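Here's a quick briefing to read alongside the sequence and the coordinates. Have the viewer open and follow along by topic.

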Amino acid sequence: MSQDIKQIIKEEYVKCASDPSHFMRKYCHIQHPQRGRVIFNLYPFQGKVLTLWKDNPYSIVLKSRQLGISTLAAGYSLWLMTFHKDKNILCLSKTQETARNMVTKVKFMYDNLPSWLKVPTEENNKLSIRLNNGSQVKAKSSNSDSARSEAVSLLIIDEAAFIDNIEDTWASAQQTLATGGGAIVLSTPYGTGNWFHQTWVSAENAENDFLPIKLPWYVHPERDDAWRKRQDELLGDPRLASQECDCDFSTSGDIVFYNEWLEFISTTTIQDPVERRGVDQNYWVWEQPDYSRDYMVVADVARGDGKDHSAFHVIDIATNIQVAEYKGQLPPKDFGYFLVGVASEYNQALLVVENANIGWATIDAVIERDYKNLYYSPKTEALTVDSYFNKYENSDTVTPGFTMSLRTRPLVINKLREFVGDRSVTIRSKRLVEEMKVFIWRNGRAEAQSGYNDDLVMSFGIGMYLRDTSLKFRQQSQDLTRAALNNVGKSMPAQGAYFATGRDNPYFMDNGKGGKENFSWILG
């Protein structure tokens, strides 16, 4: 009888060692949120994922919420440790607490194994378990040094889309994985343009070593359409539900510009430029100057020798159509001369240059060329008709260029969102749209995702903000002037009635210098 039991255990051990699904279904326990301690009876989709992990060293999983994939990764880790020597498994997540959850699940499964499956431990604490066969699992928060100097057999990155600067972590991990290790990257989507999104897209296009595994909500056999509709209510936002359940990148993350807005632009107004100018061909033109129209040229300045780019847009003020654009790397002074040339060509356009830091070198170049239609910002935060025209009267109250402040920056972003959402601006540039796709909210501030630029977005936003503030005030002032002159014309006699009357002419008015002056010319 004893011999029969030993033989049964031996055969069962061989089955477990060769098949992680069998190992988990029969001997691994998990803590279910409603049912408590239960055997890990894998769903069919979980069994298939496990087989894919076993057969492919690199896997990236785009998943819906609450599918038990992190728990599956914990069970796979325990299987590797139990039946293989010297396996070093490293679990990374945004915080150490989240990474520790993976080790906690491994520990729970290990503690509930039958004695004949347990490999004795040499170390067992909250952040790691090391068995006496040399295998171990550890938890760490993600940073650039997390995987450095580690001979990692399997790297598990949980909720990868939510980890800041994960590309640095991955770069350091590559050195340790190069000797034969593998990686499992797990996450729900969280915006586009980040490392997880880029890696997923490359995997789908077979451009890297990762096997892409997509797990939307309906792979779970206990979920139906009623469950999915309920998620919209529970999460309070269909976009969030689409992110959490449908694996939809386009609705995920703290995106500033919704995907449907950008899709509309891409399918209706985006055009290839009719002309590309400059040595670098980065000055794109869609419409040549029309000397019957008013334009503004709005610029953001970079040093010209780094990752950022100097950029500007030419915008038809009346129609709010983008007619030209530049994004390139020019020295600030040369950029200023370039701007003067473009603004002069476009009917002496209003030239707006952000005056932060290096922008002053560009503004100095504009002033050096004596360009007359340079925008000046009021030193006060209040925007009024008077503040716009103060540049002609009192230089102490204004400063050349556009001042981006803690107050104006969110106003610029919100105004751009308003124009784009209302479809009241015509954007022609695919470069601008690409920047808008990776423009996100981070800790309450709108900015480009790590590794991307927002030069075109910010300069275009300034243009939309000014079109709705200072330029509106200017138009209001012009309308008031016309109304006043019309009233003067209605209250005075015809020109032929006063020219013969000399100083009795009602157009002889006080000139403010102690005398009278004929103002009849004001009516043309």
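Keep in mind that this is a predicted model.

**Around strand 7**
- Strand 7 (residues 136-141) pairs with strand 6 (residues 128-131) in the antiparallel sense, over three bridges.
- Strand 4 and strand 7 run parallel and are joined by six bridges.
- V137 is worth a click: it's the bridge partner of I89 and also of I129.
- S128 sits opposite K138 of strand 7.
- The hairpin of strand 6 and strand 7 has four residues between the strands, and G134 there takes a positive phi near 95 degrees.

**Nonpolar cores**
- The largest core counts 46 residues, and F23, M24, W53, I69, L72 and Y76 have the most contacts inside it.
- Helix 4 (residues 69-83) supplies the largest share of that core, ten residues.
- Setting aside neighbours within four places in sequence, F23 contacts C16, C28, G75, L78, W79, F83, L113 and L117.

**Aromatic pairs**
- Y13 and F83 have ring centres 5.1 Å apart and planes at 65 degrees, so they count as edge-to-face.
- Y13 belongs to helix 1 (residues 2-18) and F83 to helix 4, so this pair ties together parts 70 residues apart in sequence.
- Y13 is partly exposed at 33% relative accessible area, while F83 is buried at 15%.
- F312 and F338 are edge-to-face too, at 5.5 Å centre to centre with 70 degrees between the planes.
- F312 is buried at 0% relative accessibility, whereas F338 is partly exposed at 23%.
- Ring pairs join Y283, F312, Y326, F335 and F338 into a cluster.

**Charges over rings**
- R423 has its charged end over the ring of F264, 3.7 Å from the centre.
- R431 has its charged end over the ring of W284, 3.6 Å from the centre.

Note on methods. Residues are numbered from 1 along each chain as its sequence is written. This is a predicted model: local features need pLDDT of at least 70, side-chain atom pairs count only at pLDDT 80 or more; totals for chains, interfaces and linings use all residues. Side-chain values use heavy atoms; hydrogens and water are left out. Two strands pair if DSSP finds at least two bridges between them. Helices (H or I, at least four residues) and strands (E, at least two) are DSSP runs, numbered from the N terminus. A nonpolar core is a set of buried Ala, Val, Leu, Ile, Met, Phe, Trp, Tyr and Cys residues joined through side-chain atoms within 4.5 Å. Buried means under 20% relative accessible area, exposed over 50%, partly exposed in between (1.4 Å probe, protein chains only). Contact means heavy atoms within 4.5 Å. Rings of Phe, Tyr and Trp (its six-membered ring) pair if their centres lie within 6.5 Å; planes under 30 degrees apart count as stacked, over 60 as edge-to-face and the rest as tilted. A charge sits over a ring if NZ of Lys or CZ of Arg is within 6 Å of the ring centre and within 35 degrees of the ring normal.
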